[in-house]
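The sequence and structure come first.

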Amino acid sequence: MASGHLSIDEFLTRLTSLFESPRVAAHGSVFLTQKRLSPPDIPSGATDNPLPPSSPFPDLHPPHPLPVLIRATNGKSKEKKKDKIKISTVVQADELEGFFVKYAEVWKAGMSGLKKRDRSGRKKGKAKKKGAGPGEGQKVKEETKVKEEKKG
C-alpha cells in the first residue's frame with residue numbers, strides 16, 4: 001500500500017471483507033502477520049540505556065514501548081498481482097489491548113466459515129525413519145502383520 005497505513009477501524013472493516021472473499025470463491029488464503037516496529041528516531045544499535053557489550057541485541061530493551069505493525073493479504077501470487085489485496089495498520093502500545101480484542105473477534109468470525117482441508121489423499125502409515133526408537137518401529141511392524149493376516 002503506497003499511501004500509508006489504514007486506521008484501526010478501517011483495517012478491521014477491510015479485514016472482514018478480506019475474510020469473505022475465500023468463502024465466496026470456495027478457495028483462497030488470507031495471511032496475517034504482525035511485527036514490532038523499530039523507532040524511527042533512534043538509529044540502529046543506539047539506545048538511551050547503555051547495555052553491556054555482552055548483549056547481542058540492544059533493541060530487546062527499548063526505552064519506551066514500541067508500536068506493532070499488523071498486515072493482511074489475500075496471498076495472490078506475482079502472476080495475479082493485480083488481484084492481490086494488501087492492507088496494514090500501525091497500533092500504538094497503549095492501544096494494543098483494545099485492538100487485539102476487536103482483532104480476535106474479526107479473526108474468529110473469519111475462520112468459522114472456512115472449510116477444513118481435504119487430506120484424504122495422504123498416506124497414513126509411513127515407514128520407520130532412521131533413528132526412531134525400537135518401540136515405534138515395532139508397533140508399525142506388528143500392525144502391518146495383523147493387516148496382512150486379515151487379508152490372507
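Helices (H or I, at least four residues) and strands (E, at least two) are DSSP runs, numbered from the N terminus. On that basis the protein has three helices and three strands, arranged along the sequence as α-β-β-β-α-α. The model is predicted, so local features need pLDDT of at least 70 and side-chain atom pairs count only at pLDDT 80 or more, while totals for chains, interfaces and linings use all residues. Residues are numbered from 1 along each chain as its sequence is written, and side-chain values use heavy atoms, with hydrogens and water left out.

**Overall surface and contacts**

- Of the 152 residues of the protein, 18% count as buried; buried means under 20% relative accessible area, exposed over 50%, and partly exposed in between (1.4 Å probe, protein chains only).
- The accessible surface of the protein is about 12300 Å², and 55% of this belongs to carbon and sulfur atoms; such areas come from the Shrake-Rupley method with a 1.4 Å probe, and for residues only the protein chains shown count as cover.
- Contact means heavy atoms within 4.5 Å. Among contacts in the protein with a separation of 6 or more, 68% are between residues 24 or more positions apart.

**Salt bridges**

- Side chains of opposite charge can pair when their charged atoms come close.
- A search of the whole structure gives two salt bridges, each defined as a side-chain nitrogen of Lys or Arg within 4 Å of a carboxyl oxygen of Asp or Glu.
- One of them joins Lys102 and Asp9, with the closest N and O atoms 3.9 Å apart. This pair links distant parts of the chain, since Lys102 is in helix 2 (residues 96-112) and Asp9 is in helix 1 (residues 8-25), 93 residues apart.
- Lys102 is partly exposed at 41% relative accessible area, whereas Asp9 is exposed at 52%.
- Arg14 forms a salt bridge with Glu10, and their closest N and O atoms are 3.9 Å apart. Both residues lie in helix 1, four residues apart, or about one turn of the helix.
- Arg14 is partly exposed at 34% relative accessibility, and Glu10 is partly exposed at 38%.

**Ser88**

- Ser88 lies in strand 3 (residues 86-91) and is buried, with a relative accessible area of 9%.
- The side chains of Ser88 and His5 are joined by a polar contact of 2.8 Å. A polar contact is a pair of N or O atoms within 3.5 Å; within protein, one must be able to donate a hydrogen and the other to accept it, and residues adjacent in sequence count only if both atoms are side-chain atoms.
- Apart from neighbours within four places in sequence, Ser88 is in contact with His5, Leu6, Phe11, Leu69, Ile70 and Arg71.
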